[in-house]
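Me: I am new to this structure and would like to work through some of its helix packing and charged pairs, one question at a time.

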Amino acid sequence: MSAEPENTNGDRALLQTKALPMTADAILSDFTHYFGRLLGRRTISADSPFLYQAVVYAARDRLMERWAQTRNAAETGNHRRVAYLSLEFLMGRLLRNALLNLGIEEETAAALERLGIDLEDVCDHERDTGLGNGGLGRLAACFLDSCATLSLPVIGYGIRYQYGMFHQRIDNGYQIEEADSWLREGFPWEIERIEYMQTIHFGGRSDLQVDQHGKTRHVWVDTHDVLAIPYDIPVPGFGNDIVNTLRLWSAAARDEFDLEEFNAGSYADSVASKNAAENITMVLYPNAETENGQELRLRQQYFLASASLQDLIRNWRKRHGDDFSQFAEKNCFQLNDTHPAIAVAELMRLLTDVHGLDWDDAWAITRRTMAYTNHTLLPEALEMWSVAMFRRLLPRLLDIIHEINVHFIAEIGQRWPGDNERIRRMSLIQEGSDPMIRMAYLAIVGSFSVNGVAELHSRLLREGLFRDFAELWPARFNNKTNGVTQRRWLAACNPGLSSLISETIGDGWKTELTELAGLAPHADDAEFQARWRAAKRSNKERLVADLASKTDLAISPDMLFDVQVKRIHEYKRQLLNLLHTVHLYGRIRRGDGDGFVPRLKLFGGKAAPGYVMAKSIIKCINNVARVINSDPAVRDRLQVVFYPDYNVSAMEKICPAAELSEQVSTAGKEASGTGNMKFMMNGAVTIGTLDGANVEIREAVGEDNFFLFGNTVEQIEALRASYDPQAIIDGDEDLTRVMDLLQSGQFNHFEPGIFDAVLQAIREPADPWMTAADFRSFIDAQAAAEDAYRNEERWTRMSILNAACSGRFSTDRTMREYNDDIWHLEPISLA
């Protein structure tokens, strides 16, 4: 890809030098060099962040030579390439994964041990690169890992947010957001590529001019320009010496400092241009509740799309000049959700306005290179921006979208003559007093492939949300069920279980996860079960220590670890899980707890800063937790923890320890889910609805090893017209008790009324999440899980079989399917 060093004679000479040794001695030598000579440190302190930086530099040296070799091989082979555009990349910590994929984890640990340093302590100094909010960004990170492991020439493009997803602090039960200054101590993995800087236009106006050949051209004039500075991060494949690239863009002003304003005493005005530009890449997902927040989000989306496409065209023209005849054969742009959909119109602008192609040729290229992945069934998440805002911010792009729409409406008219209602539904512009641009529709119209991320999700897209488009272009729609990378989510985060698995079936599962099926014959072996339980116990003890450091709670590892950690949203129904928690509390207090399995209810996740209801749910969870954990009659049998500041590193501790995985979204609302896959891979048993990838998880593991509850998509639709949650509450003694207990003030003695909105949402007939409708089924499924847990051998067997049947949920499989059906890439060969 274009992100590695240019192919100069100097670079070729570098590639001919002897490769760096991968031994402990060589790593120790490089570490001491960087620690003393680059970082200027003389004494080793166990809590020093400079230890971490020196280890990164030693590892990065070994990545750099492979990085250059990968780029050279891709260029020499004239490979077709994919650019993966995503507003999120939730990479987490990089050091452990890099060492694992390079195959030098043991050597690095041995080198540091000679100095009395523990590699685990060094890794703990790394900050999470929190450039994502949840599953979307973590999926993008897993995709990059798998593409590199499969030797596929794929480059990731994202934004280098100065402040990532906020730090979450819990104060009196409330979520408090604090800036995530993840760059404060530097980021030694990145390399600034100032030579590939791009210019991004905003504002101004669209005009017509006659060029030197007498042709009338559209031009975008009087713009306010921003610079896009690229920073590259290496993405190593596992054991294959391939290193791909994640390129992140940072915004900067063309003129950062106005000396005249400064000398006149206008200090704020002197840096106004700098601040305005840097705001674009300041924060992940600014609050869109205000018009300024909406405008900033659109600026971010266009900034990413324009910088990335300009960069790719720059690289193309370096090798092919202005000949775009083979551009579509050699390039594919995968849009990760609707955020980068503006890339469709921006590619048209670049091809027509900047590089002189006529409309039809440019549109043919666009439609052959763009591919769109949808990640949501929630209409409000499909991105619509007002025409007025587009006219003010991106006037030339608005012209192009209107022209695309004119051609598209003509296409609809040819297929369904006179069907004006269909045209109204499908138009890229939603008419009204404030016309809106439907960005998801733009992505569909401009792409040759549209995929969902689980079988159920893809079917619901075709039959519901995008039905009109699927009827027009049925072959364009396909499914690519998500996955996760087993290198991070089993091999790296669960070394004890990984060692047992490799000892039992070999370590081929690290690159071919279906080999975990070899565990199934051992599921009933008593000795193997005992070792499996020992690995789980060790992970639970590690999590207990972590929770003690964050909450001061003494938690017994003998408890059933019942876990729901994910983004806080009503459709994910943390509230339903909380109702079950209150139900258990009420049973114990009433003396109805004979044979009760002691249980830890572990919640975790962040609510969007402007999402009032989600933040209220966090407050409810924490209030319930405070009462339960301080009640001596209950706390030995039930404890509740809200894990503060949940992130990737937290999940790496939680998922190996989890035993019951809560995947309880309303059927038809979750696109896929990937936490469910991580838990399954680590031997947790799922309790869940038939939603997202839960459907395929249950098919894989069998109904006897999955606790199913809840209404199906079809049943929910049938219920909706006559849904009466109050009647359900009145007809269920347990639910009535739970609602009465929550209403009574038991959990909010000194904060009257704070639960009212949450409880009213459950009672609301228009509740789209139908929490009350699934309560009884959920309680029954939880009782079944409790019965199974009492039988140690049965539960262990279920745990082993869940891991054994997780093979299809690797992103390696997902990426193979993307490549076979959409991308058609040839793997890079370093031979």
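Me: Is the crossing of α31 and α32 left-handed or right-handed?
Reply: In this predicted model, the axes of helix α31 (residues 733-743) and helix α32 (residues 756-763) come within 10 Å and cross at roughly 155°. Angles over 145 degrees count as roughly antiparallel, and therefore α31 is roughly antiparallel to α32. As for its hand, the crossing of these two helices is left-handed.

Me: How many nonpolar residues does the contact of α31 with α32 have?
Reply: From α31 the contact draws on Met 739, Leu 742 and Gln 743, while α32 contributes Asp 756, Leu 759, Ile 762 and Arg 763. Sorted by class, the contact holds one polar residue and two charged ones, and the number of nonpolar residues is four.

Me: Does Asp 734 count as buried or exposed?
Reply: Asp 734 lies in helix α31 together with Arg 737, three residues away, or about one turn of the helix, and their side chains meet in a salt bridge at 3.9 Å, N to O. Arg 737 is partly exposed, with a relative accessible area of 35%. Because buried means under 20% relative accessible area, Asp 734, at 18%, counts as buried.

Note on methods
Residues are numbered from 1 along each chain as its sequence is written. This is a predicted model: local features need pLDDT of at least 70, side-chain atom pairs count only at pLDDT 80 or more; totals for chains, interfaces and linings use all residues. Side-chain values use heavy atoms; hydrogens and water are left out. Axes are lines fitted to C-alpha atoms, for helices over the stretch in contact, and angles run from 0 to 180 degrees between N-to-C directions. Helices (H or I, at least four residues) and strands (E, at least two) are DSSP runs, numbered from the N terminus. Angles under 35 degrees count as roughly parallel, over 145 as roughly antiparallel, 65 to 115 as roughly perpendicular and the rest as oblique. A crossing is left-handed if the near helix is turned anticlockwise from the far one by less than a right angle, and right-handed if clockwise. Contact means heavy atoms within 4.5 Å. Ala, Val, Leu, Ile, Met, Phe, Trp, Tyr, Cys and Pro count as nonpolar, Asp, Glu, Lys and Arg as charged, and the others, Gly among them, as polar. A salt bridge is a side-chain nitrogen of Lys or Arg within 4 Å of a carboxyl oxygen of Asp or Glu. Buried means under 20% relative accessible area, exposed over 50%, partly exposed in between (1.4 Å probe, protein chains only).
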